[in-house]
Amino acid sequence: MSSGRSLTFLQSSDWHLGSALTGGGLSLTPEARAARRDEVDAAAERAVAAATSCGAEALLVPGDLWDAENVPAATIHRLLEAFASFAPRPVYVAPGNHDFAGPGGYYDPALLAALGMRPWPKNVVVFRSPEWTAVPFAERDDITVVGRAFLSPAMVVERPLAPAPPRPSTPHALLLLHGSLESYTGPDSPRGPKRTAPFSAREIADAGFSWAALGHHHHVHVVSDEPGHPLGAYAGCPTGRGLDEAGPRVFLKVTLPAEGPARVETIPADTRAVRDVVVDVSELEAGPLVERVEAALAEAGVEAPDLVRVTLTGTQAFGARPADVVRPLAARVKHLAVRDQTEPPAPEPGPRSAEGRFASDLLAYRAAAPDDVRRRVADVALRLGRDALAGRPVRPPEAEDR
Ligand SMILES: [Mn+2]
């Protein structure tokens, strides 16, 4: 066996090609939705272009390449053409729970033939078995790639790294794994039983691979060992489809030197970002209100190509239409949705009314409260109680962590 040489590859996953983009909270018009779908469907082309221009020797794609079994054949054709354009360099694909490798799916050569489509390109290695499978890296005998496939969209409760696949004896060993890192804390992190194919950072470290290319979660997240050396990562999805995929999107350029720990760099994956901006516009009249929203957009890093939702909160006079005042800012960005959650200020209750006596009792309770938790309870009770007594809708707040 030859000794290891440096290896550079690009990692990206969770493209969700063919997504309908009907949810997402951005209130896209049909035209805006169609334009964004085209950008979602271009993820493979952008990944291949980034891999080529950064000098990557391979492309690693740990799952969720497309969104569902029934995405259009033209979307898959575009993907296959992009992969073929990366030849002779290899692409490694580990199907996830959305693009699962069941019979009769797009990973099945018989289906592509039956539809009259081009076959999977020869430079693409798809791990089609649910069992861990090791393959040699094209043209290099110092690297082994290990992966597995989901065969259905069903939740997998088994732990894929208990036991972990044997670590190949080549100097570099790459693992492709689609599933839920238990310590992942991104906005799309699942709660308990929603985890699929769960694993821990400890299990990644103990498996001993040079790199674990992770797919399933949609925000970039690096797994490191105790001294802080990166062991693997989620690249996240490269095209924001909604408010839960807000912020900059990246590809990961990973370099495994002949000796020593991996180096990870991020490469911009999209010219647009989804941005979710909440602005308190209490009591502001038109001019200052627009200035306040402009300042909030600048503070959030919003740029002209972005897809933005602005939520207006706080108090506004009864009958005010603050969303109408803000809407002309749509000309500054690709797309702007404005949500008005302002409320009219509650009138001050008289001291002899039930509401007034309730309020003064609770304010006294609050002033005597011994800690922040009880002060917070008093604040919430005051608001809910006044709403109830005044006949306004009573809306309990979200549960708060202490
Ligand atoms: Mn995904």
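Predicted model: local features only at pLDDT ≥ 70, side-chain atom pairs only at ≥ 80, totals over all residues.
## Strands and how they pair

Helices and strands here are DSSP runs, numbered from the N terminus, and two strands pair if DSSP finds at least two bridges between them.

E1 and E2 pair in the parallel sense, over three bridges.

## A covered strand

Is E1 mostly covered or mostly open? It is mostly covered, as five of its five residues are buried. Now follow the side chains: Leu7, Phe9 and Gln11 point one way from E1, while Thr8 and Leu10 point the other way, and all are buried.

## The manganese site

Which residues coordinate the manganese ion? They are Asp14 (OD), His16 (NE2), Asp64 (OD) and His218 (NE2), at 2.1 to 2.4 Å. Along the chain, these donors follow the spacing D-x1-H-x47-D-x153-H. Asp14 and Asp64 link distant parts of the chain, 50 residues apart. Asp14 sits in the loop between strand E1 (7-11) and helix H1 (30-41), and Asp64 in the loop between strand E2 (58-61) and helix H3 (73-84).

Why do both aspartates count as buried? Buried means under 20% relative accessible area. Asp14 has a relative accessible area of 1%, so it is buried, and Asp64 is buried because its relative accessible area is 1%.

Key. Residues numbered from 1 in each chain as written. Heavy atoms only, no water. Donors = N, O, S within 2.8 Å, 3.2 Å for Na, K, Ca; no water. Helix = DSSP H or I, 4+ residues; strand = E, 2+ residues; numbered from the N terminus. Buried < 20%, exposed > 50% of the residue type's maximum accessible area, 1.4 Å probe, protein only.
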